[in-house]
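Please consult the structure as you read.

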Amino acid sequence: MHRRIFVPGALAAASLMLAIPASAASYTPGAPGIGDPYYPYYGNGGYDVSHYDLRLRYQPETDELQGTATVLARTTQDLSSFDLDFLLDVSEVRVNGAKAAFTHTGEHEFVVTPKRPLAKGTPITVVVRYSGVPSTKSAYGFTTWHRTPDGAVAADEPEAAWWWFPSNDHPSDKATYDVSVAVPDGTQAISNGTLQSTSSQRGWTRYSWRQNKPQATYLATLALGRFDITTSTSDGGIPVINAYSTDLGDNDDAARASVERTGEIVDWLSDWFGPYPFSTAGGYVPNTTTGYALETASRVYYSPKQFAKGSNVSVVVHELAHQWYGDDVSVKDWKDIWLNEGFATYAQWLWSEHEGEGTTRELADYVYASHPADDPFWTVAPGDPGADHQFDDAVYDRGAAAIQALRDEVGDTAFFAILKGWPKEHAYGNASVADFERYAEEVSGKPLAGLFDTWLFQPSKPAASAARSLAKGGDGAGTSVTRPKSWQSIEAAHGGHGH
Ligand code: TRP
Ligand code: ZN
């Protein structure tokens, strides 16, 4: 397809024009960012990825990662060059089989210039051979590659891929994945989806994982270390694969007592959100010192710290709810984060009610009453919180209260139809807060602009009249509302995140 055929004589000029159109001026570099208002350099312009094939080798003793990434994509403009987001050392790049020029620029950009420019709409195969010690690489002064005593973990938000594979790192470019990693015998490699095979040769074991549903780059995960892997099947027929570091010490039992409930919770969430979107479910608990959990698609990342006070099923509910709200339907831009965190938190509220530890109503009232009007909590607008406040409590708690306010306004029948219909409406796609507003109005048949403006965008505390139950009890300031039993574990699920 990209072979150049020499044609002598008068035909030569014409055939050259086919290979490289005369209007070479229309061939321009792809943008270094995909256009996210919070993170102008995240993702890239000019192409759309459909699949990542990562064939890697990792040595836990030295943290050396080497591999070949084969990226299948299609150009979306006439391209003279394009960027990937990547930090490791590259030895060779090929585009459609031919060696390409390449260079690292900026904090995390990697520019590839193919021998021949690429016309819009062309399928391209990009092969990147690389190596490096990810823990020694930083961008913007941070690293999201977390070393453990026996290996490492790639799991972070909104960026984690730069440390282990070259990508178009933005949730709006989803792709399927084959991740195959060789590790020394006795070490395991955990990633998303289904374990297709393991094979051992000369002291190295290769784990080959497949994510056959499109996932965002930040939801791709890799854990290397010594793990105990458990498998089961939920009543609803979802295969569950969990993995526990063999070094969890005192937290081991509480971690298992929480994460082994994955199948039960996936089935329970399916009643609210519709069919589970991935071919397997599960989570892993590596021996990290980080404090957060992350909704890595079909294989949730949990920090052992979350189980330090005993079992924590609420965090499991939160991360599994993200499989629908965040992973199946992903944000269009990072400003749409409420679509992830508001709903994952609301799922914890539903679970709290299910467990008899506080109803969604009581939790919403508690959020309202426990933050007086002058609390800076209310200055953060969950519908567009700003990059510096993307994961503030307001996005989670005010965000979930906004969902309760929507339920109050439209009634339970319409509300639960929206909750279940939304993942179906945008299955494996991307959507914005504005898309959700339109969808909720369509399903409920009610104008909702005022409600969303009050709860998602107004940088101040909604009036008492907007918080239904408190219409009886004043504006909430000074009213004592008892803290629901579930409160602490709900909050613990989103404590301590960030770099
Ligand atoms: N999305 C994660 C959750 O709610 C929390 C989170 C925010 C996070 N920023 C992060 C996790 C950075 C890891 C790294 O479960
Ligand atoms: Zn979350």
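The questions below set computed values against the definitions behind them.

This is a predicted model, in which local features need pLDDT of at least 70 and side-chain atom pairs count only at pLDDT 80 or more, while totals for chains, interfaces and linings use all residues. Residues are numbered from 1 along each chain as its sequence is written, chains are lettered from A and ligands numbered from 1 in the order in which they are written, and side-chain values use heavy atoms, without hydrogens and water.

Q: What makes Glu295 a polar contact of ligand 1?
A: A polar contact is a pair of N or O atoms within 3.5 Å. A nitrogen atom of ligand 1 is 2.9 Å from an N or O atom in the Glu295 side chain, so the pair meets that limit.

Q: Which backbone atom makes a contact with an oxygen atom of ligand 1?
A: A polar backbone atom of Ala293 lies 3.2 Å from that oxygen, and this value is therefore also within 3.5 Å.

Q: How do you know how much of ligand 1 is buried?
A: Accessible areas come from the Shrake-Rupley method with a 1.4 Å probe. Taken alone, ligand 1 exposes 360 Å², and the protein buries 100% of that.

Q: Why are some residues around ligand 1 called charged, and how many are there?
A: Asp, Glu, Lys and Arg count as charged; Ala, Val, Leu, Ile, Met, Phe, Trp, Tyr, Cys and Pro count as nonpolar, and the others, Gly among them, as polar. The shell accordingly divides into five charged, five nonpolar and four polar residues.

Terms used
Polar contact = N/O pair within 3.5 Å; in protein donor to acceptor, adjacent residues only side chain to side chain.
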